[in-house]
Amino acid sequence: MNDPNIKNIKFLHSGLLSPVKKWGAKWSLWAVHLVTSCCGVELAHTYASGYDAERWGTLNFGMMRQTNLIIVEGTISKKMAKALRMTWEQMPDPKFVIVMGACGLEGGLFWNSYHIVKPSEIVPVDYFVPGCPPTPEGLMRGILALQKKIESGEAKATAKYQPVRLEEVLEIKEVKERKPPKSPVKIAEKPEIKIEPRDVEWEFGKSFVDELNQKLAGAGEAFITDVNRVYIRTTKERFLEVAEKLSEDFDHVKSVNVIDVIHEDKFIVEYTVSSYSSKELMPVLVTISAEIPRSNPRFPSVIDIWPSADYQEREMYDFFGVWFENNPAMGEKFLIAPEVETPLRKDFKIPQPNYVLGGESE
Amino acid sequence: MKEISVELPVEPPVEVKSLFLPVPPGLMEESYKKDELVIFVGPQHGGSGHMRIIVRLKGDVITEAIPDPGYVHRGMEKLAENRLYLQNIPLLERPAIMDCANFNLGYVRAIEKALDIEVPERAEYIRTILAELCRIGTHLYDAGILSVFLGHTTGFMWPFAMREMICEALMRVSGARITASYIVPGGVRRDVGRDVLEYIKEVTFFIERKTKDFEKIFIMNPVTAARLKDVATISKKDAIKYGLVGPFLRACGVEYDTRAVEPYGAYDQLSWDVVVADEGDSYARFLVRVNEIAQSISIIRQAVSILRSMPEGNVISPDIAGKKKKAKKKEEEGEEEEVKGPSDVRGKLYRYYGRLTLPPGEYTTVTEAARGTVLYTIVSDGQSTVPYRLRVVTPGWLYLKGFMESLKGCRLADLQAVYGSFGYFPPEADR
């Protein structure tokens with residue numbers, strides 16, 4: 001009785017008004033707007049003029065208080081799970097849940113991610129629509145199946161598959177035990193991270209790097225790694241000095257990156273900067289890098305020089321636990337859920353795929 | 001009017017703590033003292049994708065907007081470190097599936113750069129067509145979402161009907177409605193036939209005609225203009241300072257388009273213009289994207305007519321297919337033969353790419369996706385069949401800062417219009 005799925009159906013199928021209730025619920029399945037992930041694109045197509053799901057009385061609606069159906073569109077992250085539950089709780093009874101996409105079933109493409117949960121653990125699900133993403137026809141099939149469930153009171157799968165026995169189909173007398181295939185994923189145990197100068201045909205770059213090296217005056221060493229790519233190696237102490245000198249030409253940060261080199265016990269912090277104001281420097285990406293020890297990951301923040309680095313520094317704090325001094329938001333999780341700790345460090349392991357049917361993943 | 005401040009002992013509601021709302025410490029107390037309201041917008045709201053914006057209000061004017069992203073964070077950078085280079089192709093188009101070709105293109109180009117592969121000309125043109133189709137599709141998608149935000153439901157139906165044609169074109173090219181995964185290192189998965197090219201050309205005429213109708217209904221609608229004009233204006237200086245990208249940067253008067261600045265694909269062989277506006281308000285952002293649709297249509301038509309005159313086949317680089325080695329052997333034996341790539345990789349993907357290893361180093365590419373610059377950095381150790389570190393910076397993540405800064409001084413009722421004009425798509429920003 002506590003199962004909300006049974007409670008909903010029981011409510012619809014009881015009392016004198018039961019036919020009216022069933023009819024009303026069946027033809028007014030209003031779905032709350034909960035585009036949790038990329039499947040939302042196909043959902044939008046389902047409700048737009050191409051497929052026009054309104055023909056079956058279902059309509060996408062903004063507020064959860066006036067709806068009775070959640071279509072979970074894809075992945076539910078750890079952060080979103082709470083929002084999903086709260087949305088579901090605020091909806092009036094009777095209410096239904098359709099989960100769309102492979103991510104909602106078993107995780108799909110993101111099955112071993114550190115940041116996803118299965119929607120079926122959070123809300124009671126009526127129907128799953130598999131696919132990555134499912135087509136609008138597939139989603140419509142899920143909604144029609146739900147309508148049938150409301151009418152008849154029992155959930156039925158819309159497709160049935162007969163178990164196939166290899167012996168019968170291929171006329172094989174006995175199925176040989178086969179060796180599991182070898183995983184093609186090869187991860188080096190002691191990898192070398194080396195970023196070295198390369199000889200490329202780039203006339204402007206050679207003079208530019210010479211000028212840059214003069215300007216830096218020993219604060220860092222600049223070299224060309226590719227056409228339009230310049231790399232500057234410096235130290236943590238002199239990083240701000242280099243950034244200050246570069247900020248005359250380069251006005252924004254395109255990427256903040258941290259590389260965890262665990263076997264050498266260090267982090268490499270990289271800022272990739274570029275220019276919008278100078279036409280000839282537009283294609284040039286300059287990467288400034290410095291190494292910091294893994295045990296004391298503190299780094300000077302550049303948000304006073306380049307405000308555009310702010311959110312990416314906070315992201316790197318989430319991912320690696322690198323503390324950017326002077327960034328006022330340090331210490332608070334920004335992008336990921338509070339319970340996940342430094343997921344992108346190399347010693348944070350995620351489940352590995354298993355290539356043997358029926359075996360357990362590592 | 002003169003403001004009077006009264007020192008009263010105030011306490012923020014307990015929900016702020018009990019619901020773990022990500023409010024910066026001291027913000028609630030400070031706002032209470034200043035007679036400001038703190039409003040939480042989202043994560044469940046009428047837009048596409050979900051995020052929370054913590055808005056501080058003085059009256060109904062926004063004084064500060066603090067983002068709380070990550071509701072669609074799926075940890076792609078970590079997942080990519082555990083998968084083959086080939087397996088990462090479908091993974092990395094998931095941030096913005098309507099923009100699949102551009103997102104694939106950036107990643108694949110980084111691999112090609114590392115391996116030093118030259119892509120056959122035909123494949124470059126096919127890639128360009130696909131990238132532009134996806135760009136039109138994304139612009140239309142965001143126009144639809146913008147109209148939902150403004151409460152204009154008809155304006156949602158029109159672009160999605162046009163998108164249906166783009167989905168059909170992608171389906172004829174790759175087999176999938178939106179998740180094409182069509183671009184692979186060294187070329188594209190298979191050749192595009194003449195009939196499909198004809199269809200793509202017809203689609204451009206259809207979209208051109210329908211965009212004119214859509215212009216009457218939504219784009220030039222006085223209500224749309226009234227909701228968007230002079231809302232959330234960003235100056236050129238601020239746009240550069242906060243590192244805006246793509247059409248939103250160009251709407252502020254900065255002529256920066258990665259396709260023109262650092263050409264890839266076939267963009268340097270086709271004639272097209274960078275669309276720039278000076279106003280920097282929400283309407284300019286929207287109009288820049290509308291005008292980019294026209295540019296994309298012109299690019300597609302040129303590319304289709306060039307492809308028509310090109311011999312079919314040869315869409316995969318011979319380096320990938322292992323034909324170069326054979327040719328070298330033959331050359332040593334005295335026979336010379338023109339090396340030609342295959343026209344199809346179906347069924348051979350793992351043979352070609354399964355044991356792909358990149359030489360050690362760092363490889364960075366920037367690509368112009370529909371919403372702006374997408375940057376990929378692959379760090380390889382030279383031994384593993386997976387990237388050592390993969391950094392993806394998506395346009396949504398880059399312009400979030402500018403988006404939040406632009407909200408300052410807007411009215412609360414304009415927040416939806418600004419959100420829609422930026423086309424902010426959280427799955428893309430959070431990765």
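The model is predicted, so local features need pLDDT of at least 70 and side-chain atom pairs count only at pLDDT 80 or more, whereas totals for chains, interfaces and linings use all residues. Residues are numbered from 1 along each chain as its sequence is written, chains are lettered from A and ligands numbered from 1 in the order in which they are written, and side-chain values use heavy atoms, without hydrogens or water.

Chain B is divided into domain 1 (15-68) and domain 2 (76-319 + 349-430), with bounds from an automatic or database domain assignment. Their C-alpha centres lie 31 Å apart. In domain 1, 20 residues are in contact with 19 residues of domain 2 (heavy atoms within 4.5 Å). The two domains of chain B bury about 1,500 Å² between them, 72% of it on carbon and sulfur atoms; this is the accessible area (1.4 Å probe) lost on being put together, summed over both parts. The rule finds 1 salt bridge across this interface, a salt bridge being a side-chain nitrogen of Lys or Arg within 4 Å of a carboxyl oxygen of Asp or Glu.

The side chains of Arg411(B) and Asp60(B) meet in a salt bridge at 2.6 Å, N to O. Pairing requires at least two DSSP bridges, and strands are DSSP runs (E, at least two residues), numbered from the N terminus. Lys58(B) stands opposite Val61(B), and Gly59(B) takes a positive phi near 70° in this hairpin, which has 2 residues between the strands.

Definitions and conventions: Helices (H or I, at least four residues) and strands (E, at least two) are DSSP runs, numbered from the N terminus.
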